[in-house]
Amino acid sequence: MPTTEFDTSLPSIRQLQELIKQKTVVELKLVTGDLLQGKVCWQDHNCVCIVDDYNRQTTIWKQAIAYYQPK
């Protein structure tokens with residue numbers, strides 16, 4: 001049975017948590033080819049939420065992310 005626990009021992013989870021804490025602007029490339037930019041404000045088991053320069057929040061399914069990188 002797959003776990004739905006939020007495993008903070010995973011490096012990818014810890015890396016995003018650090019980006020949240022530092023309020024770092026990130027670029028997210030989606031599997032559709034779209035690019036999004038903003039600060040990560042939260043993450044959970046399934047999603048990541050970013051806030052853009054206009055204070056708009058966008059929630060992205062993690063499975064839709066091809067990669068992310070700090071700007």
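The side chains of Glu18 and Lys21 are joined by a salt bridge (3.6 Å, N to O), a term that here requires a side-chain nitrogen of Lys or Arg within 4 Å of a carboxyl oxygen of Asp or Glu. Because Glu18 and Lys21 are three residues apart in helix H1 (residues 11–22), about one helical turn separates them; helices (H or I, at least four residues) and strands (E, at least two) are DSSP runs numbered from the N terminus.

The structure is a predicted model, in which local features need pLDDT of at least 70 and side-chain atom pairs count only at pLDDT 80 or more, while totals for chains, interfaces and linings use all residues. Residues are numbered from 1 along each chain as its sequence is written, and side-chain values use heavy atoms, with hydrogens and water left out.

A search of the whole structure gives three salt bridges, tabulated here.

| Pair | N to O distance |
|---|---|
| Glu18 and Lys21 | 3.6 Å |
| Glu27 and Lys71 | 3.6 Å |
| Arg56 and Asp52 | 2.8 Å |

In the salt bridge between Glu27 and Lys71, Glu27 lies in strand E1 (residues 25–30) and Lys71 in the segment after strand E5 (65–70), so the pair ties together parts that are 44 residues apart in sequence.

As for exposure, buried means under 20% relative accessible area, exposed over 50%, and partly exposed in between (1.4 Å probe, protein chains only). Glu27 is buried at 12%, while Lys71 is exposed at 58%. Asp52, which pairs with Arg56, is buried at 19% relative accessibility.
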